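Trainee: Could we go through this model together? I would like to begin with the ligand and then turn to the helices.

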Amino acid sequence: MTAAVSILDVTAARAALPALVDILVDGVRGGASIGFMNPFDPAEARAWWDGVLADVAAGRTILFAATLGGEVVGTAQLIPASKPNQPHRADVSKVIVHSRARQTGIGKALMAAVDDEARRRDLKVLVLDTATGSPAENLYQATGWQKVGVIPDYALWPDGGFCATTYYYKNP
Ligand SMILES: CC(C)(COP(=O)(O)OP(=O)(O)OC[C@H]1O[C@@H](n2cnc3c(N)ncnc32)[C@H](O)[C@@H]1OP(=O)(O)O)[C@@H](O)C(=O)NCCC(=O)NCCS
């Protein structure tokens with residue numbers, strides 16, 4: 001079965017909320033450094049997604065969902081820069097695939113969809129950062145992202161301890 005990637009408007013995102021909450025909780029509880037600490041409660045995930053939905057509704061965030069067998073199993077966000085001097089730039093954020101669906105190409109499919117949409121919007125510079133040494137680094141290197149450098153002690157792992165981050169950019 002191949003995953004299909006689509007862009008969710010706010011109505012579709014609201015319908016996908018339980019799956020999106022589950023993906024975020026699964027990621028954090030699984031040890032991914034994606035902005036949250038353990039113990040991580042689904043209510044905290046829900047509150048964060050509500051904020052994302054507000055950004056989707058306002059056109060500030062483009063939300064991607066990867067669906068497998070009718071279930072949302074992966075997600076990513078493209079966030080165009082808001083600064084007037086960066087109309088050509090965007091951040092890529094919260095690329096997460098549920099642990100039950102990993103290593104089957106869904107991460108790559110999400111990144112390809114992000115690139116397609118970035119080109120469609122004439123975005124020329126994409127930026128992201130990720131925990132140094134994480135599987136996500138392999139994903140980004142496999143999809144043409146250029147490593148910029150490492151910032152030590154940038155964040156914390158969800159179970160504690162400092163975590164370095166590596167910045168990447170891409171011209172899609
Ligand atoms: C990073 C993540 C999104 C990858 O998703 P995925 O669907 O498993 O990725 P894919 O199956 O498309 O794999 C793409 C490439 O990533 C690399 N990769 C994926 N999982 C890996 C792992 N566990 N170890 C090493 N490399 C891995 C491989 O290079 C792979 O390419 P290949 O299969 O041609 O060798 C997923 O592991 C995840 O959700 N992690 C937790 C959340 C997270 O850290 N997100 C990044 C936030 S910036």
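Trainee: Which element gives the largest share of the shell around the ligand?

Mentor: That is α5, with five residues; helices here are DSSP runs of H or I with at least four residues, strands are runs of E with at least two, and both are numbered from the N terminus. Keep in mind that this is a predicted model, in which local features need pLDDT of at least 70 and side-chain atom pairs count only at pLDDT 80 or more, while totals for chains, interfaces and linings use all residues. Residues are numbered from 1 along each chain as its sequence is written.

Trainee: And which residues come nearest to the ligand?

Mentor: Of the 20 residues around the ligand, the nearest are Arg102, Gly107, Pro135, Ala136 and Asn138, where a residue counts as near if its C-beta atom, placed from the backbone, lies within 6 Å of the molecule. Two or more shell residues are given by each of β4 (89-97), α4 (106-120) and α5 (135-142).

Trainee: How do the shell residues divide by type?

Mentor: Ten are nonpolar, eight polar and two charged, with Ala, Val, Leu, Ile, Met, Phe, Trp, Tyr, Cys and Pro taken as nonpolar, Asp, Glu, Lys and Arg as charged, and the others, Gly among them, as polar.

Trainee: Switching to α2, which of its residues are buried?

Mentor: The buried residues of α2 are Leu20, Ile23, Leu24, Gly27 and Val28; buried means that 20 or more other C-beta atoms lie within 10 Å of a residue's own, exposed means 12 or fewer, and partly exposed is in between, with C-beta atoms placed from the backbone. Those α2 residues cover an arc of only 125° around the axis, which puts them on the same side of α2, the arc being that of the directions from the helix axis to the C-beta atoms.

Trainee: Why would spaced-out residues point the same way?

Mentor: An α-helix has 3.6 residues a turn, so residues three or four places apart point the same way.

Trainee: What covers that buried side of α2?

Mentor: The cover includes α3 (42-57), β3 (71-80) and β4, judged by contacts, in which two C-beta atoms placed from the backbone lie within 7 Å. Just after α2, glycine 31 takes a positive phi of about 100°.

Trainee: OK, α3 next: which residues are buried there?

Mentor: In α3 the buried residues are Ala45, Trp49, Val52, Leu53 and Val56, and because they cover an arc of only 105° around the axis, they sit on the same side of α3. They pack against α1 (10-15), α2 and β2 (62-68).

Trainee: What does the face of α3 turned away from that side carry?

Mentor: That face carries the exposed residues Ala43, Ala47, Asp50, Gly51 and Ala54. After α3 comes glycine 59, whose phi is positive, near 80°.

Trainee: Where is serine 6 found?

Mentor: Serine 6 is in strand β1 (residues 4-8), and because it has 13 C-beta neighbours inside 10 Å, it counts as partly exposed.

Trainee: Zooming out, how many helices and strands does the chain have?

Mentor: There are five helices and seven strands, and from the N terminus on the elements run β-α-α-α-β-β-β-α-β-α-β-β. Buried residues make up 33% of the 172 residues in the chain.
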